[in-house]
Amino acid sequence: MAPSPRWLPHPNPAGSLTPQAPSPHRLPHPAGSLSPAGSLTPTPQAPSPRWLPHPAGSLTPQALPLVSLPCTDKAQWPSKFPDCDGQIQSPINIDTNSTIFSRELPPVVLAGYNLDPSEQLDLMNNGHTVVLRLPGSLTIASGYPQEYRAMQLHLHWGSPEGPGSEHTVDGRRYDGELHMVYYNPSYGSIKEAMKQAGGLAVLAAFLQVGPEDNVHYQPVLEQLREVQEEGKETTVAGFNIRDLLPANLVRYYRYSGSLTTPPCFQTVNWTVFNQTVLLSKEQISLLETTLQGDDDKDLQNNFRLTQSLHGRKVLASFQAALSPSRVPLPDGGVPPVTPTTERSLDEAPGAGAGCPPCADSEKQLGVSLQTADVLAGLFGVLFAVTAVAFLIYIHKQRSQNRSPDSHLKPNVIYTAATTDENAV
Ligand SMILES: [Zn+2]
């Protein structure tokens, strides 16, 4: 595949998550729908003990009972893992209009990701995804109230018939999804951290078909054939793991959720980036058609359907909601912020984004005040005209009463009385 020198230009722009035209060769599924070919994948199986836990399902033997559940029968999960039927499960659909903008969400800052090629990373097909083991020296230095250390990364994908991200945005499912999994070292061990609220963190990025190969994914993708069957392992030479994530780590969604496979522990602090990662159609196809699952069939559609929010709030580090009241300013001043508007990396999150609705409000308020002023003026003029007319009427009445030859004067009374009196 022809390598591209760096991140591909985003057509939409910058691959932001918000509604956009789907890739021409694949139509988005309605949220939660499965592809026609689509049996959902495999289920957790007993992984190698040295593999670290991850939200796609495999956990260390010490961390959970080893139960093999058929992937097509997710309804059975809660009977063996009660958390799977809990109130804070993942993945979810992110309704951008319901997200809450928070200025308290700082840019995600990573440390230690540029690994030397001499460092060998384990890559494994665990039967339901491909997992790249990561050294604990990779950390999330900022973006959460506490530091997190890396455990592993893995991918979710669909099939040639349809996309396969776990999270959806406004009902749209993306071609794939990258999960980088971390634990909070303050809990002493991974086993303990995964049981504690906020003990785990996952950085999630959507994969989307773009016009060119993404060279940063090649170290993993070119090894897929080496781990075609479940349980197969190989190694990958160290590379810059940071480049697997979107360029923009400033704009993201944050919510509390769970592992997306049993035991569904509800301890994951999720970060879902707004900017997508572009891979070529060939790279996505390679992901969809190379591996075999725990049933010796093609490993495809390894995503869980979206779960109910049950009242949870999804925070956004940027102004993601598009309120109907927010209209473009006609004078070309501050453009309206739409979810498809990508901003530069050095822009403070939400700094400019919060202004347009304020400006709009002020403008709308200005319009309202002008209208009120005009109406008040009209009523004032009408009142004045009426008052003047009334005064003129009174004045005329009095003038007529004083006139001796007024035809309007009740002649009978005046004349008769005078006449009568004179007559007496
Ligand atoms: Zn996952």
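I began with β15 (277–280), where I looked up the bridge partner of Gln 208 and found Leu 278. Helices (H or I, at least four residues) and strands (E, at least two) are DSSP runs, numbered from the N terminus, and two strands pair if DSSP finds at least two bridges between them. β11 and β15 run parallel and are joined by 4 bridges.

I noted that this is a predicted model, in which local features need pLDDT of at least 70 and side-chain atom pairs count only at pLDDT 80 or more, while totals for chains, interfaces and linings use all residues. Residues are numbered from 1 along each chain as its sequence is written.

Next I followed the other pairings of β11. Strand β14 (residues 268–273) is joined to β11 by 5 bridges, and the two run parallel; in β14, Thr 271 is the bridge partner of Leu 203. β10 and β11, by contrast, run antiparallel and are joined by 8 bridges, and here I found His 179 opposite Ala 204 of β11.

Is β11 mostly covered or mostly open? I found that 11 of its 11 residues are buried, a residue being buried if 20 or more other C-beta atoms lie within 10 Å of its own, exposed if 12 or fewer, and partly exposed in between, with C-beta atoms placed from the backbone. Both faces are covered, with Leu 200, Val 202 and Phe 206 among the buried residues on one side and Ala 201, Leu 203 and Leu 207 among those on the other. In a regular strand the side chains alternate between the two faces of the sheet.

Which residues of helix α4 (residues 281–289) are buried? I listed Gln 283, Ile 284, Leu 287 and Glu 288, and they lie on the same side of α4 because they cover an arc of only 135° around the axis, the arc being that of the directions from the helix axis to the C-beta atoms. The buried residues of α4 pack against β7 (148–157), β10 (176–183), β11, α3 (218–221) and β15.

Last, I checked pLDDT, the predictor's confidence in each residue, from 0 to 100. The protein chain averages 73, and 59% of the residues score at least 70. Over residues 1–71 the pLDDT is below 50, and this stretch has 177 contacts in the model beyond near neighbours in sequence. Over residues 401–424 the pLDDT stays under 50 too, and there the model has 3 contacts beyond four places in sequence.

Definitions and conventions. Two residues are in contact if their C-beta atoms, placed from the backbone, lie within 7 Å.
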